[in-house]
Amino acid sequence: MERESVRAWGGEDARGDAPAAEAAAKGASRRHEVHAQRAPGGLGRGLSPQPAEAGFAASRSEPVAAVSTAGAGATAAALEDTRRAFDGVAAEYDGPLGNNALIRRMRARVRRELIATFPPGARLLDLGCGTGLDAAYLAARGYRVVATDWSPGMVARTRERAAAQGLEGAIDARVVGGHELDRLAGERFDGIYSNLGPLNCVPDLAATARACARLLAPGGRLVASVIGRVCPWEFAYYTARGDWARARLRRARGAVPVGLNGATVWTRYYTPREFAAAFAGGFAPTRYRALGLFTPPPYLVGIERRARPLVAALDRLDDRLGALPLLRDAGDHFLIVLTRRD
């Protein structure tokens, strides 16, 4: 479930205009990278998830506080919430909810990194495959992909896509969450990737990192796009609307409940350094860059529709400046490459 877009955000209203976050949960017993990323953990997307869109959010966010999902019962409930949320949108996730124009821009940039990082023919593990868009893209180019997601609905969509494109031999889609990668014990992968926020939704990122290290060949790489903690667009947008609680949402240090089509996705936000620290035991940071620094977040796709030349120019700025020091630490998502230690 690429949280691609669940994000900690809501979506646009039915007019495709003002986005609204519907993240209101009061209780610590429900769910959770996601996210999980957008995303929305092994869940599939992270809040960003991620990115809900038109008609999927309320008109105004309520104050949201991070809640503890510690304890087996609370963690299980959080994971089930996330699974239910993404199962509920799997049928339409290839549309504006999970793959609008702004999401496609980020996805294209991540795909360029994947092709540049992984050698042709490599066996890859997709964490949070969603409807299989990235798995199919890579399989069509000669890669072998084990596509995993915590949402059975998303995995079913991936299998359908593989069959429709004649890629069943190259895509092995499985219902496996990012929190249960030990189920893959004994397998070995040349590379691992997670696109658009699934890792924002896993309940224990360090445990997922250790599992990834066990699955990845020494010297292999992990590529992830993660919903970031510092999003200037989001802060400015909600501050201008007087929604201070929503503007500060990503500052939360624990799991945050994010609304997705009436359900809940629990999401954690990271800076690139916080994310890399969780992987430090088995991985060395290689490079990272901002995604969606100058361009609006996907839930503000109405801006892109009304001002496409301007957004295209901002996208070029992202390409040119998004890897610079300081700037790369902000943005809706960040794209990070980690190398497995020998």
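These are my notes on the predicted model, point by point.

1. Ground rules before anything else. Numbering starts from 1 along each chain as its sequence is written, and side-chain values use heavy atoms, with hydrogens and water left out. As this is a predicted model, local features need pLDDT of at least 70 and side-chain atom pairs count only at pLDDT 80 or more, while totals for chains, interfaces and linings use all residues.

2. The overall picture. The protein has 11 helices and 11 strands (DSSP runs numbered from the N terminus, H or I of at least four residues for helices, E of at least two for strands). Of its 342 residues, 60% count as buried (under 20% relative accessible area; exposed is over 50% and partly exposed lies in between, with a 1.4 Å probe and protein chains only).

3. The largest cavity. It holds about 50 Å³ of space. A cavity here is a set of points, on a 1 Å grid over the protein atoms alone, where a 1.4 Å probe fits but cannot get out, and lining residues have an atom within 4 Å of a point. Points are joined across faces, edges and corners, and the volume is the space filled by probe spheres set on them. Helix H3 (101-117) and helix H11 (308-321) are the elements giving two or more residues to this lining, with H3 supplying the largest share, 4 residues. Among the lining residues are Leu102, Arg105, Pro296, Pro297, Pro298, Asp315 and Asp318. By class, the lining has 5 nonpolar, 2 polar and 5 charged residues (nonpolar: Ala, Val, Leu, Ile, Met, Phe, Trp, Tyr, Cys and Pro; charged: Asp, Glu, Lys and Arg; polar: the others, Gly among them).

4. The second largest cavity. About 40 Å³ lies in this one. Its lining includes Gly228, Arg229, Tyr270, Arg328, Asp329, His333 and Phe334, and the classes come out as 5 nonpolar, 3 polar and 3 charged.

5. Strands E8 (residues 256-260) and E9 run antiparallel and are joined by 5 bridges (strands pair if DSSP finds at least two bridges between them). Val256 has Thr267 in E9 as its bridge partner. Strand E9 (residues 263-267) is largely enclosed by the rest of the structure, because 4 of its 5 residues are buried. The hairpin has 2 residues between its strands.

6. Two positive phi values to look at. Most residues other than glycine have a negative phi. Asn261, in the turn of the hairpin, has a positive phi of about 55° and is partly exposed at 37% relative accessible area. Leu196 has a positive phi of about 70°; it sits in the loop between strand E6 (189-194) and H6 and is buried, with a relative accessible area of 0%.

7. Thr208. This residue lies in helix H6 (residues 205-215) and counts as buried at 2% relative accessibility. Leaving out residues up to four places away in sequence, Thr208 touches Gly178, His179, Leu181, Leu199 and Val202 (contact means heavy atoms within 4.5 Å).

8. Ala170. You'll find Ala170 in the loop between helix H5 (152-164) and strand E5 (171-175), buried at 18% relative accessible area. Ala170 and Leu138 are 32 residues apart in sequence and 9.2 Å apart in space, C-alpha to C-alpha. Neighbours within four places aside, Ala170 is in contact with Ala139, Tyr143, Arg144 and Val145.

Terms used:
1 Å grid on protein atoms, 1.4 Å probe; cavity = no way out; pocket = protein on both sides within 12 Å on 5 of 7 lines; lining within 4 Å.
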